[in-house]
Amino acid sequence: MRLWIEWFRCVRQLRGACSRSRTFAWLVLVLAAVSTRLDLAGVTSFVRVLRFSPSAYRRLLHLFHSSALSLDRLTALWVQLVLRVFSPYTVGPYLVCLADGVKAPKEGRKMPAVKSLHQEADTNSKPPFIMGHSFQAISLLVRSASGHIAAVPLAARIHEGLVWSNRDQRTLLDRMVDLFLGLAGLCERKVLLIADAYYASGKVIRPLLRQGHHLLTRARMNTVAFMHPEPNERRGRGRPRIYGVKVRLRDLIAERGLFQTAPSPIPGESHTTLEYCWFDLLWRPVGHEVRFIVVKHPHRGVIILMTTDTDLDPLDAIVLYSHRFKIETGFRHAIHVLGSYAYHFWMEKMDPIRRRSGDQHLHMKSEEYRRGVRRKMQAYHAHVQIGCIAQGLLIHLAVNHGEQVWRQFRSWLRTMDPTRPPSELVVAYSLREALPEFLAEAAGDDALRKLLATYSTSDEPAAVRRAG
């Protein structure tokens, strides 16, 4: 029960996102259900894990569409809560955030923003094309007292699939920058953003530098940079040269005299030696100097890193980029443990989409139709944001209250190690054991007591026919 007490203490700080106490009570119940449910069958799984009557289904469904729940306020309060309960991973004066995209498969023909998406994967488990929602997400890198590193999800938004106006020329990169700068403004500190090679673009770097933030990313193997031009004693006619000799970074890999060796700074690779070198060169998409780091790993091959922070130590940059996979691990838990992207909200009056279709153009639709699309997008984003919060709370309990989680864990895993922080799955199992006790204790809150008295049942609820 101690875990639920700490969980509820954190959730209470999100009260300001709800304009009504009853809305907040539903939010508490949904967060508890997302954290403990046994299956990922949409809203119906909330009904089952809370042991509510089927009549609660539409009430739970309404929460995601309700105007009484402010998505922007909920996101802001969550970011502030994360900075209070966690110890952020810092590099000098900078917080460290991770950015990446994730695609959620959706088969509904009446779901706004669903489009044909291409998936790049090295395995046969993913089809090359799916119909679904394309999200971009931001996570904050945090560190526990024992040194464990984790990525806490801050927000995720759908950034393609809808065209509201033909005059809107923003790309996925522009939308990611808008999302990041909004979250960085809530942090009120400068941030170092870590992303993969897709985000190595001037469209990302220039807005970040204007706000005082930096980017660490992987550069493509065909990247070309320039040295500073040699000073010319005799000033001729015309503009002075901006770029000097062209440097193909691929050609530097074969130059042995440029590299130096060092023990791998990546955690878990203490017996590995890698080679690296770095250059501060002019990169034309940005127009000024950036740092390129060429790394030769004996097992993982060659990688080229690029950072706009020319004061960042190369070995520190290697360690930081090695933590980028934390956001991928977070996506896996969000999909398979919490079901953050397992929503199935249809728009009844929507024009059905076709298989393999692209963006949905709304500039010729009526205002009523556009209003219905906005309402449904609000529901999608609210569901995913609640999933981010639920996952973050599980990480909080795992990182800051890991010993208590292991003591309350009443199951077994082949790979369990009580000396390390538990995973979100272990925390969810531990919370599930005490869920009935928590609901009984939480009835002290007036709004929660009324909801539990109205919808709770001692018997297993009948199966809800309609999918969540």
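## Basis

The model is predicted: local features need pLDDT of at least 70, side-chain atom pairs count only at pLDDT 80 or more, and totals for chains, interfaces and linings use all residues. Residues are numbered from 1 along each chain as its sequence is written, and side-chain values use heavy atoms, with hydrogens and water left out.

## Contact of α11 and α13

Helix α11 spans residues 367-400 and helix α13 residues 424-433; helices (H or I, at least four residues) and strands (E, at least two) are DSSP runs numbered from the N terminus. Their axes come within 9 Å and cross at roughly 90°. Axes are lines fitted to C-alpha atoms, for helices over the stretch in contact, with angles from 0 to 180 degrees between N-to-C directions. The two helices are therefore roughly perpendicular (65 to 115 degrees; under 35 is roughly parallel, over 145 roughly antiparallel, the rest oblique).

On the α11 side, Q391, L394, I395, L397 and A398 meet E424, V427, A428 and L431 of α13 (contact: heavy atoms within 4.5 Å). These residues divide into seven nonpolar, one polar and one charged. Ala, Val, Leu, Ile, Met, Phe, Trp, Tyr, Cys and Pro count as nonpolar, Asp, Glu, Lys and Arg as charged, and the others, Gly among them, as polar.

## Cavity

The structure holds one cavity of 30 Å³ or more, and the largest cavity has a volume of about 90 Å³. A cavity is a set of points on a 1 Å grid over the protein atoms alone where a 1.4 Å probe fits but cannot get out; lining residues have an atom within 4 Å of a point. Points are joined across faces, edges and corners, and a volume is the space filled by probe spheres set on them.

Of its 13 lining residues, S139, P153, F331, Y341 and Q391 are closest to the centre. Q391 also belongs to the α11 contact with α13. α10 gives the most to the lining, four residues. The lining divides into ten nonpolar, three polar and no charged.

β12 (273-283) pairs antiparallel with β11 (260-263) over four bridges, and A262 has L274 as its bridge partner. Pairing requires at least two DSSP bridges.

Nine bridges join β12 to the antiparallel β13 (288-297), where V294 stands opposite C277. Four residues separate the strands of this hairpin, and G287 takes a positive phi near 95°.

Terms used. On a 1 Å grid over the protein atoms alone, a cavity is a set of points where a 1.4 Å probe fits but cannot get out, and a pocket is an open set with protein on both sides within 12 Å along at least five of seven lines; lining residues have an atom within 4 Å of a point.
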